[in-house]
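Colleague: Could you take a close look at one part of this model for me, the nonpolar core, and then show me how the rest is built around it?

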Amino acid sequence: MEKIKFQTEDGIQEFYVEEQTRINGFNYLLVSDSVTDEEAQAYILKDVSDPTSQEACYVMVEEEEELEVVSGVFSQMMEDVDIRM
């Protein structure tokens, strides 16, 4: 499982990439803060970077409708995992 680091206002956060997909021209990552803890927190990140940029810029998906749609896609992709946002 790939481990990625994000620079945030609070410092550096590390996440594990559980799955990724592309919907309506946007890349999304399903990440978690642990691979061993059954109570790990899952987040959906959306790539909002400029196509010409060499660095990716991800934001957490917070809009309810978008979150429902994307989490539904990830749930179908990972049928054996219970995704709760």
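Modeller: The largest nonpolar core is made of nine residues: Ile23, Tyr28, Leu30, Ile44, Val61, Leu67, Val70, Phe74 and Met78. By nonpolar core I mean a set of buried Ala, Val, Leu, Ile, Met, Phe, Trp, Tyr and Cys residues joined through side-chain atoms within 4.5 Å. Buried is under 20% relative accessible area, exposed is over 50%, and partly exposed is in between (1.4 Å probe, protein chains only). Strand S3 (26-32) and helix H1 (64-77) each put at least two residues into this core, and H1 gives the most, with three. Helices (H or I, at least four residues) and strands (E, at least two) are DSSP runs, numbered from the N terminus.

Before going further, a word on what you're looking at. This is a predicted model, so to speak of local features I need pLDDT of at least 70, and side-chain atom pairs count only at pLDDT 80 or more, while totals for chains, interfaces and linings use all residues. Residues are numbered from 1 along each chain as its sequence is written, and side-chain values use heavy atoms, with hydrogens and water left out.

Leaving aside residues up to four places away in sequence, Ile23 touches Tyr28, Val70 and Val73 (contact means heavy atoms within 4.5 Å).

Looking at the pairs, S3 and S4 are joined in the antiparallel sense over five bridges, and Val31 has Tyr43 in S4 as its bridge partner. S1 (residues 3-8) and S2 run antiparallel with six bridges, and a hairpin connects S1 to S2 through two residues. Between S2 (11-23) and S3 there's a loop that holds Asn24. Asn24 has a positive phi of about 50° although it is not a glycine, and with a relative accessible area of 74% Asn24 is exposed.

Finally, the charges. There are three salt bridges, a salt bridge being a side-chain nitrogen of Lys or Arg within 4 Å of a carboxyl oxygen of Asp or Glu. Lys3 bonds to Glu14 this way, with the closest N and O atoms 3.0 Å apart. Lys5 stands opposite Glu14 in S2 and also forms a salt bridge with Glu14, at 3.7 Å between the closest N and O atoms. Lys5 is exposed at 60% relative accessibility, whereas Glu14 is partly exposed at 36%. In the remaining pair, Lys46 meets Glu66 at 3.0 Å, N to O. That pair links distant parts of the chain, S4 (residues 42-47) and H1, 20 residues apart. Lys46 counts as buried, at 15% relative accessibility.

Conventions. Pairing = 2+ DSSP bridges.
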